[in-house]
Structure formats: structure tokens, C-alpha cells
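Here is a short report for a reader meeting this structure for the first time. Start with the view below, then read on.

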Amino acid sequence: MIIVMKDKADESAVKKIVSQIEKNGLKTHLSQGEEVFIIGVVGDKSKLDANAISNHPMVEKIVPITESYKLSNRKFHPEPMSFSVSNTEIGPKNMTIISGPCAVETEEQLLTIARSVKKSGATILRGGAYKPRTSPYSFQGLEVEGLKYMQTAAKETGLATICEVTSAHAVESAEHYVSMLQIGARNMQNFELLKEAGRTGMPVLLKRGLAATIDEWLNAAEYIMAAGNPNVALCERGIRTFETTTRNTLDLSAVCVLKEKTHLPVIVDPSHATGVRKYVEPLAKAAIACGADGLMIEVHNDPEHALSDGPQSLGFEQFDSVMKRLLPYIKLSGRSI
Ligand code: PEP
Ligand code: MN
């Protein structure tokens, strides 16, 4: 449930109620809206005297939250959220551009790509070191060696970095080398992995599962947040449908639904959604129009010979010109890169 305080309630009144609730073993999450304080309450409500709280002179009302996700629920936190990733910020003022190769292949390849995407306007460098490939015979990633290259690229370019983690072991390694963790579509409901990512307190990009509903996705985010980590962004990357002309079907309506249901930032990944290079630009524009807080776009120095996801990867020139054409859309959305 949430407790909405009266607009004249000051911090000391809020503190008193918070300590009363916490004495009963429940957890509280405070958020200050434009006009009033809101206290989110998680735990066994039967331990609370709800009447005493609702009769408190500084309490406006108590609103029950029927959804099973609480911390990721916008009712808990009415203002859209922003958080830092190294030297950049994901949130309502910015259009975060996450770009780079699907997989880190060599140090030279990654550095070349990092320099180029930075010049074109990317703010976070992506690069997979643990690749969840459909076939066990496909390139699986360089693991710690790849993470080290990501760190080198970050040092040289100043870019923040993100890397997918596929196991608790990968989390333990990645937290020393990159600024943000990515949990991929195939692991969206790997609950032990979600808890482990929560433990780190690092910013986490949680991709939507291949066939996950929005409610399942928000509950997955709840796992990370319940482990004590509020810094979660969601990434719509297309879902499985009957359509086969594109790799997945980009569910742009999810962006609008999420904006209503959660305060967490939403990133759209038109590369994995379509699997087709030429569709990346139009869907990136559409994502901006729907209110996305950022884009994930795969870029490779030599897409024809990429070790993974070449057909959807943009070359340097194409990425640069796509970015130039996205700029007016970004401006129109009231954001800046
Ligand atoms: C990726 O980002 O390279 C990736 C594997 O994405 P997804 O989990 O969305 O398939
Ligand atoms: Mn990929």
C-alpha cells in the first residue's frame, strides 16, 4: 500500500509514521512528489493498524496496491526515475544511446568501435563478453578478457560501459570492469541472477523476455529492486509472435504501458527487435515518439564479418548518419543526448 500525506505534512510527521511502520517489521520507501510525500509500504500489512494510520491528522489517504510488484510500481514513485551510469544519466531529461558490437571480438575491434560510436553521439558502449547463443557451437564470448577490453575502452574514451551477464559468476567478474550490467531476454526470469544483480547495487538493464508479459517483466525488475537495488532500466527488444519476416516483433505499445505502470526508465532496442539493419532507423524514431528514454543500437566495424548479429549491425557511416537524422526527433521529445 501507499500512504499519501497531506500537503502540509512536513518531514518530521513523515518520519514519525515511517518509524511506526518499521517498528512493526515492514519496509518503507519514501518518495517526494511535486506537492506531497508518499510512503510506500512493503511487508505483512496485518501487522499494521491501518485505521490508526488513516486517522492520523497528516495522512490524506491510504491506497492499496493490488499489483504484485511494488517497488517498481509507479504508484510507489510517481515521478519518473533517473540514475547515473558512470558519467552519464538515464532518465527523463536524456536520450541515452547505447551502442557497440553484439560481441567483443578483439581489443582493437572494440577500441575502433568505441571511438567511432562516441564521435557519433553514443553515451554508453555496449559489448558482449558472455554471449547467450542459440547454438553451443557459435561464438560464446571472450569472458573476462572481453571485460578487460571494455575497461580499456572506457578509460580511453570516457564512455560508460554495459555488458551482459549470464550467471552469478559472470556478475562477480563484470562488476569489476563495467559500469552497468545487462540481463538478457533469455535470463529475464533467472531469479537467482536477478537477485545477484540486485546485490551489486550497480545500474541494471533488464531486457524483456522472449515471451514475457509486461507484468512478468515488472515482477522480474522487482526481484532486483527487492534485493536493494533501485537502479533498473527496462529494455524492450521485441517479442516472439507468429511473424517471421523480422527476428522479433517490436512491441512499442509496451513503452506507453510501462510509462504508466512504472517510474523505471525504458530503453528500446530496434536491433534485436528486427534483426534487420534497415529497420533500425524507422523504429528508433518511433521509439522516441513513444517516450523511450534511450536506444540500444548494435554497431560493428565490419558487419559482414561480425561474429554475432552482423545482419542487424550498422556500420560506422550508417550509424553516424542515422544519429544525425535522429537528432531532430530527440530534440522534439524535449530531451538531449
Ligand atoms: C544482446 O544484447 O546482444 C542480446 C543477446 O540481446 P537479447 O537478450 O535482447 O537477445
Ligand atoms: Mn546481439
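## Surface and charge

This is a predicted model. The protein exposes about 14,700 Å². Carbon and sulfur atoms supply 51% of that area.

The protein carries 38 positive and 39 negative charges.

## Overall build

The protein contains 11 helices and 14 strands. Its C-alpha atoms fill a box of roughly 65 × 45 × 40 Å along the principal axes. The radius of gyration is 21 Å, which agrees with the value near 20 Å that a compact globule of 337 residues would have.

Buried residues make up 54% of the 337 residues. Take the contacts between residues at least 6 apart in sequence: 69% of them join residues at least 24 apart.

## The manganese site

Which residues are the protein donors of the manganese ion (ligand 2)? They are C102 through SG, H272 through NE2, E298 through OE and D309 through OD. Along the sequence, the donor residues follow the spacing C-x169-H-x25-E-x10-D. C102 and H272 link distant parts of the chain, 170 residues apart. C102 sits in the loop between β7 (96–100) and α3 (107–120). H272 belongs to helix α9, residues 270–274.

Are C102 and H272 buried or exposed? C102 has 3% relative accessibility, so it counts as buried. H272 is also buried, with a relative accessible area of 7%. The cut-off for buried is under 20%.

How values were computed. Residues are numbered from 1 along each chain as its sequence is written. Chains are lettered from A and ligands numbered from 1 in the order in which they are written. This is a predicted model: local features need pLDDT of at least 70, side-chain atom pairs count only at pLDDT 80 or more; totals for chains, interfaces and linings use all residues. Side-chain values use heavy atoms; hydrogens and water are left out. Donors are N, O and S atoms within 2.8 Å of the metal (3.2 Å for Na, K and Ca); water is not among the atoms, so sites may look incomplete. Helices (H or I, at least four residues) and strands (E, at least two) are DSSP runs, numbered from the N terminus. Buried means under 20% relative accessible area, exposed over 50%, partly exposed in between (1.4 Å probe, protein chains only). The radius of gyration is taken over C-alpha atoms; the globule rule is 2.2 Å times the number of residues to the power 0.38. Contact means heavy atoms within 4.5 Å. Accessible areas come from the Shrake-Rupley method with a 1.4 Å probe; for residues, only the protein chains shown count as cover. Lys and Arg count as positive and Asp and Glu as negative; His and the chain ends are not counted. The place of a charge is taken as NZ of Lys, CZ of Arg, CG of Asp or CD of Glu.
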